[in-house]
Amino acid sequence: PKDPVVEAAAEAGVTPEQLRVAILSGSTGGNSRSRALAEAYRKQLESQGAAVDWLDMREMGDLPDVITGDHDKINPYLDRFANADAYVVASPVYNWGPSGKVNQFLDLALDSDTMAGKPYSLLSGAGSPRSAFAMGSLANRLNMELKGVGIGAGVQVAGKEYNKHTGNIASRVLSKANKNADTLLQVAEALRNKTSSDNSTL
C-alpha cells in the first residue's frame with residue numbers, strides 16, 4: 001500500500017533529499033504571539049531548504065477523545081506530525097504549560113515507534129518573561145516518552161517582545177529563533193545520515 005504521507009509530500013513538490021519539519025501551531029486565537037513566532041521560525045527553516053508541514057490547530061476543530069473518540073478526521077494530521085524528520089510545537093502558555101488543546105493533540109499524536117529519537121523544538125508565547133521555563137514539563141515528557149532530542153530550551157516571545165499592532169517580533173527573539181531553527185536542521189540531518197549509514201551496514 002502507498003504511504004499517504006509520502007504521497008502528500010510528493011504532491012507538494014518535496015524531494016526525498018529535503019528535510020521535513022512539522023510545525024504544530026497550537027494557538028486558536030487571533031493576534032497570537034506563539035503563532036507569529038512559529039511563522040518566523042517556519043520562514044527560517046524554508047530559507048535553509050527544509051520542507052515545512054504547517055499543522056494549524058485552528059483548522060482541526062474539536063479533537064476526539066484519546067480512547068473512545070472517532071479519529072478519522074484527525075488521523076491525517078497525526079500521520080504528518082509523526083512522519084516528519086523533526087517537529088516543532090508552538091503554544092501559548094497557560095497555567096505554566098502549553099495549552100490544553102496542544103496537550104490533547106500530543107496525547108493523540110505521540111508515537112514511540114515512529115517518533116523515537118527525533119529532534120524537536122518548543123516555541124511559546126507568554127504575557128510575561130517569568131514564563132520562560134513554562135514548557136519544561138513538555139520537554140521532559142518528550143525526552144522521557146520519545147527519547148527526543150530537544151534543541152536548547154526552545155524559544156519564547158513574551159510581553160512587549162511582540163507588537164500586536166505591527167505584528168513585529170523583537171530582533172533579539174528573532175535571532176534566537178533563527179539560530180534554533182538552523183540547529184534543528186543540522187541535528188535532523190546528522191541523525192538522518194546516521195540512520196542511513198546504520199541501515200546500509202545491516
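Tyr-87 counts as buried, at 1% relative accessibility. In this predicted model, that tyrosine belongs to a cluster that ring pairs build from Phe-81, Tyr-87, Phe-105 and Tyr-120.

**The tyrosine pair**

- Tyr-120 is buried as well, with a relative accessibility of 3%, which is under the 20% cut-off for a buried residue.
- Between Tyr-87 and Tyr-120 the ring centres are 5.7 Å apart and the planes meet at 20°, so this pair is stacked; the label applies because planes under 30 degrees apart count that way.
- Tyr-87 sits in strand β3 (residues 86–92) and Tyr-120 in strand β4 (residues 119–126), so their pairing ties together parts 33 residues apart in sequence.

**The phenylalanine pair**

- The structure holds three aromatic pairs, and one of them joins Phe-81 and Phe-105.

**Helix α2 and what follows**

- Helix α2 covers residues 33–47, which makes 15 residues.
- From its first C-alpha to its last, α2 reaches 21 Å, close to the 21 Å expected at 1.5 Å a residue.
- Its buried residues begin with a run of Arg-33, Ser-34, Arg-35, Ala-36, Leu-37 and Ala-38.
- Further along α2, the buried residues are Ala-40, Tyr-41, Gln-44 and Leu-45.
- As background for reading such a list, an α-helix has 3.6 residues a turn, so residues three or four places apart point the same way.
- Just after α2 comes Gly-49, which takes a positive phi of about 95°.

**A buried serine in a loop**

- Ser-131 is found in the loop between β4 and α5 (136–146).
- Although it lies in a loop, Ser-131 counts as buried at 14% relative accessibility, because buried means under 20%.
- If you want to look around this serine in the structure, leave aside its neighbours within four places in sequence: Ser-131 is then in contact with Val-93, Trp-96, Ala-126 and Gln-156.

How values were computed. Residues are numbered from 1 along each chain as its sequence is written. This is a predicted model: local features need pLDDT of at least 70, side-chain atom pairs count only at pLDDT 80 or more; totals for chains, interfaces and linings use all residues. Side-chain values use heavy atoms; hydrogens and water are left out. Helices (H or I, at least four residues) and strands (E, at least two) are DSSP runs, numbered from the N terminus. The expected span of a helix is 1.5 Å times one less than its number of residues. Buried means under 20% relative accessible area, exposed over 50%, partly exposed in between (1.4 Å probe, protein chains only). Rings of Phe, Tyr and Trp (its six-membered ring) pair if their centres lie within 6.5 Å; planes under 30 degrees apart count as stacked, over 60 as edge-to-face and the rest as tilted. Contact means heavy atoms within 4.5 Å.
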